[in-house]
Amino acid sequence: MNNEITGAEIVLKSLADQGVEVVFGYPGGAVLPIYDTLFKQNSIKHVLVRQEGGAIHAAEGYARSTGKTGVVLVTSGPGATNVVTGLTDAMMDSVPIVCITGQVPQHLIGSDAFQECDTTGITRPCTKHNYLVKDVNKLSSVFHEAFTIAQNGRPGPVLIDIPKDVQFASGTYEEKNKIVIPSHRLFEPSPDFEKNKIEEAVELISKAKKPIFYIGGGCINSGPKASKLVREFIDIVGAPVTMTLMGLGVVGSSDKNSLGMLGMHGMYEANMAMHECDVMINIGARFDDRVTGRLDAFSPNSKKIHVDIDESNINKTINVDVPIIGDVKQVVEKMISVWNEKKYKIDSQSLKLWWDKINKWKEVDCLNYNNEGNQIKPQYAVQRLYELTKNTKTFITTEVGQHQMWAAQFYKFEEPNRWLTSGGLGTMGYGFPAAIGAQVGHPDALVIDIAGDASILMNIQEMSTAVQYRLPVKIFILNNEYMGMVRQWQELLHGGRYSESYTDSLPDFVKLAESYRAVGLRAKTTDELDDVINQMIETKNTVIADIWVTKEENCFPMIQSGSAHNEMMLSKDQKQDKKSAEKGKILV
Amino acid sequence: MNKSVYDSPDQVSETKRHILTVLVDNEPGVLARVIGMFSGRGYNIDSLNVAEVSNDENISRITIVTHGTSEVVSQIEKQLLRIVPVHSVTNLDQEGSSVEAEVALVYIYISDTNKKKVYQLCDLYRARKIENENNTTIFEIAGASERVNRFIKEINEITKVEIVRSGPVAISSIQKNEEE
């Protein structure tokens, strides 16, 4: 009996065994055997992108909106190097991805062959793990381990490089449940993990007078149940909660405890509360520099609890008092049961005073902007978009820049996994392919990419993909003809010298959409805005809505680089003192 | 703690030398992962040594000498543990008691005038003469790095030498149960 099948068949079989439904990819010489096998089967759908960079962002959007692992298939050389940005993005934002790359046949490796590159060498620092598979009989075990590693612990991208001769070679397939992965290669907390620390943390919370929850993307990666538990625990404690850019949606915007986003462009009340709290409960966030501002002035008087699945995040930039290493849903579940067991109750008198203080900060109304005249303010455009889509199942993706921050500030998220943005790496060009991925995962949902005029051009070629697969993705461009965030920094920190931040010769976005046989819409004034948004929603086709917004609007509030949480700028008139501005200039 | 230009909280601990011993699966690229982590995150490698220690289990031991504050070194340990083929990371300085040794091969230019002094010194340090077919005089010295340093310093005062050093390897000397 000969049970041998080809390497390419093993690849497809492994994917099917892992429950993969869709692969985002682009063919090429070194992956032709896999594409040939793909052609002969019907269980796995392939989405053909227009550039490999689009494939990996689409896989990220698919993964983050569905909770499944995104799969990418590209060829050797340029195919592999084009996914490097997306791999790094997935690494920074902890997105589970398995990326398959073709490689030149083994006898050509090292000879500078056509479309050869050192893929595993190039991608080593931007993947959780990677493989060069030289033996066809190891292919299935590598695949099953790769999927496990991508999803296990802190999720991330894993790359599998397969030489063309291995794709052609015959070997045996091993099923998923027959593979045993040594425990040191995975993150496996013991059932009784960190019990004492959890008790210590809960006691600390119960004694707090000015507590605040600081919630990050780890809560989303831990699955929908984690968000439910986090909400439940916050409700029991009655403490205010602020979320990072990646954590938006874990607690609903309309929740009475929610102070919204914190950090550089976060809410005044959230940052002030972080600065003045006495107990900070960080769940699944990593004290990113966009959140902390100046480290030596970060929440100076608080005891800090830090729940993170990745031990290397503990004491990396901020020293904490009670570190807990584990998965959010397990840790928070235990926290709730400890709280209930010990019948803890927070001092309601102090908590009331704390909320009174926070409510005073809220009166500052930090998102206030001047909305006079009939020119569309970008903030107003996002507000209207929210109002007109809030009753529909909507996924929002963004590119990177001012529009991203306005989307985070003005679009209200009530559920996890509905907000897809490039947080850690800050990848312009992420949003549109990510929206394609999200739409593939949720064919009936409304998926909108809130974009800027500069960012959207970075992956505009994917229009062709969206139209080919009849994906009714909506691109909502806040068009100010500038790289807005660059312009804002140049205005605030570089004496208004707008070096190369104005985009001359932008395309006519309406005609651009039409040339792809999609629908193009335009709003130039506030009177046209609602009509355009409604028309965009109702159109059963890919749409570009070109929203002309005021050109020199700045994104406020803002903690300038090198400043602390209690030194927020609320408007342009409130200039930072010159010395710290000079110091801040060297920061990113 | 980190090298961020964002001001760090006041540093308290001093920079010290640390020896880390890392057990890894012996698979392609594992050394590149380890040293890539050091260079990518701006940590220091003073010396590095790698060899297979168990044939049947396919495991290698990497001994790394680094220096940094205790915060930096603890971050290094955690970053090493994130690497998939890494089994364990031990900071021998935290284990308390450890034994370290390195090997140096020393090519010594010998003349009639310095011959006696050279041999006396080599005797003193128990440096072993290695015979070879070219009749050159090569000595091997093993032991703690400071001992090797002292030997090299003294022999340098006598004559010209060429040196190759392995860098230290080390092992914890704490008593262990056999099962472990």
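Strand β8 (residues 161-165) of chain B pairs with β5(B) over 5 bridges, in the antiparallel sense. Pairing here requires that DSSP finds at least two bridges between the two strands. Strands are DSSP runs of E with at least two residues, helices are runs of H or I with at least four, and both are numbered from the N terminus.

Before I go on, this is a predicted model, in which local features need pLDDT of at least 70, side-chain atom pairs count only at pLDDT 80 or more, and totals for chains, interfaces and linings use all residues. Residues are numbered from 1 along each chain as its sequence is written, while chains are lettered from A and ligands numbered from 1 in the order in which they are written.

Back to β5(B). Within β8(B), V164(B) stands opposite L105(B). β5(B) also pairs antiparallel with strand β7 (residues 138-143) of chain B, over 6 bridges, and there L105(B) stands opposite E140(B). A further antiparallel partner of β5 (residues 98-108) is strand β9 (residues 169-172) of chain B, joined by 4 bridges. In β9(B), I171(B) is the bridge partner of V99(B).

Next, the contact between the chains. It takes 20 residues from chain A and 22 residues from chain B, where contact means that C-beta atoms, placed from the backbone, lie within 7 Å. On the chain B side, α1 (30-40) and α2 (70-82) each supply at least two residues. Which element gives the largest share of that side? It is α2(B), with 6 residues. By class, the chain B side has 8 nonpolar, 9 polar and 5 charged residues. Nonpolar means Ala, Val, Leu, Ile, Met, Phe, Trp, Tyr, Cys and Pro, charged means Asp, Glu, Lys and Arg, and polar covers the others, Gly among them.

Now chain A, which has 23 helices and 20 strands. Its radius of gyration is 25 Å, close to the 25 Å of the globule rule for 588 residues, so chain A is as compact as a globular protein of that length. That radius is taken over C-alpha atoms, and the rule is 2.2 Å times the number of residues to the power 0.38. Along its principal axes, the C-alpha trace of chain A spans about 75 × 60 × 45 Å.

Last, the domains. An automatic or database assignment sets the bounds, giving chain A domain 1 (5-185), domain 2 (195-362) and domain 3 (378-548). The centres of domain 1 and domain 2 of chain A, taken over C-alpha atoms, are 37 Å apart.

Methods
Contact = placed C-beta atoms within 7 Å.
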